[in-house]
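Subject: Structure for you to look at, with notes

Dear colleague,

I am passing on the structure that we discussed, together with some notes to read beside it. Please have the sequence and the model open as you go through them.

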Amino acid sequence: MPIQLEIVTAERVVLSEEVDMVSAPSVEGRVGILPRHEPLLTVLQPGELHYVKNGVSMPYAISGGFMEVLPNRVTILADTAERADEIDETRAEQARLQAEQAMRDRQSTEDLARAEIALRRATVRLQVAKLRRNRQ
Amino acid sequence: MASAREIRRRIKSVKNTGKITKAMELVSASKMRRAQRNVLATRPYADRLYDVMGELTLRSMGGGTKHPLLQPHPTVTRVALILITPDRGLCGALNSNLTRAAARFITDQKSQGRSVSVIAIGKKGRDFILRVGQKLDSEIIGLGDAPPLVDVLPAATTAINGYSPDASGNYDYDEVYLLCAEFVNTLVQRPKLRRFLPVEAPGNAGATKVDYSYEPSQEDVLDQLLPRFIEVQLYQAILESIASEHSARMMAMRNANDNAKELVRDLTLTYNKARQAAITTEISEIAAGATALNQ
């Protein structure tokens, strides 16, 4: 029995697919979900999420969110989600530097909030990209 | 009566204006469709969040502890208004309807002895608030037609921070309201005012009645979830306003286009009459001249 996995962000549905296993970075540590898992609601931390389908693992970079687990359905409510192999490491690095600069030059609390979010996203991208590179 | 040449010039200029409004109508129509798609795309996230929140608040109510964002403040003396307007004009009565509703809200709150600060999203609303000299706490302008969520977060953060008590228990707002253009359908968009904070806990309608286990704990999940819920609600309101803006502009431009056509028809008639009159005058002059010569 496969699991119906859905990754949704506020902007769109990123992924909707039947998979065999999901592994997600919960704030309590990494959790693996197999079919017929008990119902669970957990907070996710920024990191790498991956699912396995037909023996192939597919990684996504997410920057926090929630995971709702039902026996045959997993819904990820992510703040941002991207396929990890689509991440451009140099661009992520640039974005990180820019965000750090913006945090130093901030004019208002809004600028700070915006920069923080950008920084968080860039950092996750970098982490996930590095993880992938090390493994290869 | 104006000379035939003047009328011809007038016809040409009206036709040109008509072409511009026609083009704007088509552009707005396609932007509106895209904006509507964007609104729909946020639904899955917002709906799931809503369900989960219904589930959580239902449970935490039994526990007695309430999250600060769900908790009304004991007395209401300072309110904030999040005013969402377009950046640009030429969209019929949309902007004036919105600003009028905002003005009414402000007067209404003031008559109850409350002070109003405004968080303006959109240039027209911001300009209005500055013009009437109302307190402006935060502004976002230049969002464009399809803003990413990140761009609207600062406004949500201002509202949340203003509402929640800081370390010493002080806060800036007792209630936060949201005024935006509701997209009823392509023809009708109207200002909609609703309370934004404290959050109205969804009833058990959305609850899935599943016995979840929570990690780390129910409170922690709710803590993380509420700000997201507020953010996505604001995001949806903004996207809906954008759809309203484009559909209002589309209708305004369609009317302008119809008017231009009618004007051209009237002017053409006047032009033909003028031309006919000129010819008649000319003929009778020639005839009169000829008769004079024959005598």
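This is a predicted model: local features need pLDDT of at least 70, side-chain atom pairs count only at pLDDT 80 or more; totals for chains, interfaces and linings use all residues.

Residues are numbered from 1 along each chain as its sequence is written, and chains are lettered from A and ligands numbered from 1 in the order in which they are written. For the complex, the predictor gives an ipTM of 0.79 and a pTM of 0.86.

Helices (H or I, at least four residues) and strands (E, at least two) are DSSP runs, numbered from the N terminus, and two strands pair if DSSP finds at least two bridges between them. On that basis, chain B holds an open sheet of five strands with mixed pairing, in the order β3-β2-β1-β4-β5. Its edge strands, each pairing on one side only, are β3 (135-140) and β5 (189-197) of chain B. Strand β2 (residues 115-121) of chain B pairs with β3(B) in the parallel sense over five bridges, and Ile121(B) stands opposite Ile140(B) in β3(B).

Two helices of chain B also pack together: the axes (lines fitted to C-alpha atoms over the stretch in contact, with angles from 0 to 180 degrees between N-to-C directions) of α2 (residues 94-111) and α3 (residues 123-132) of chain B come within 10 Å and cross at roughly 45°. The two helices, α2(B) and α3(B), are therefore oblique to each other, a term for angles that are not under 35 degrees (roughly parallel), over 145 (roughly antiparallel) or 65 to 115 (roughly perpendicular).

As for the two chains together, 24 residues of chain A are in contact with 28 residues of chain B, where contact means that the C-beta atoms, placed from the backbone, lie within 7 Å. The elements giving two or more residues to chain A's side are β5 (40-44), β8 (65-70), β9 (73-78) and α2 (109-135) of chain A. Strand β5(A) runs parallel to β6 (residues 213-215) of chain B, joined by three bridges, and Thr42(A) stands opposite Glu215(B) in β6(B).
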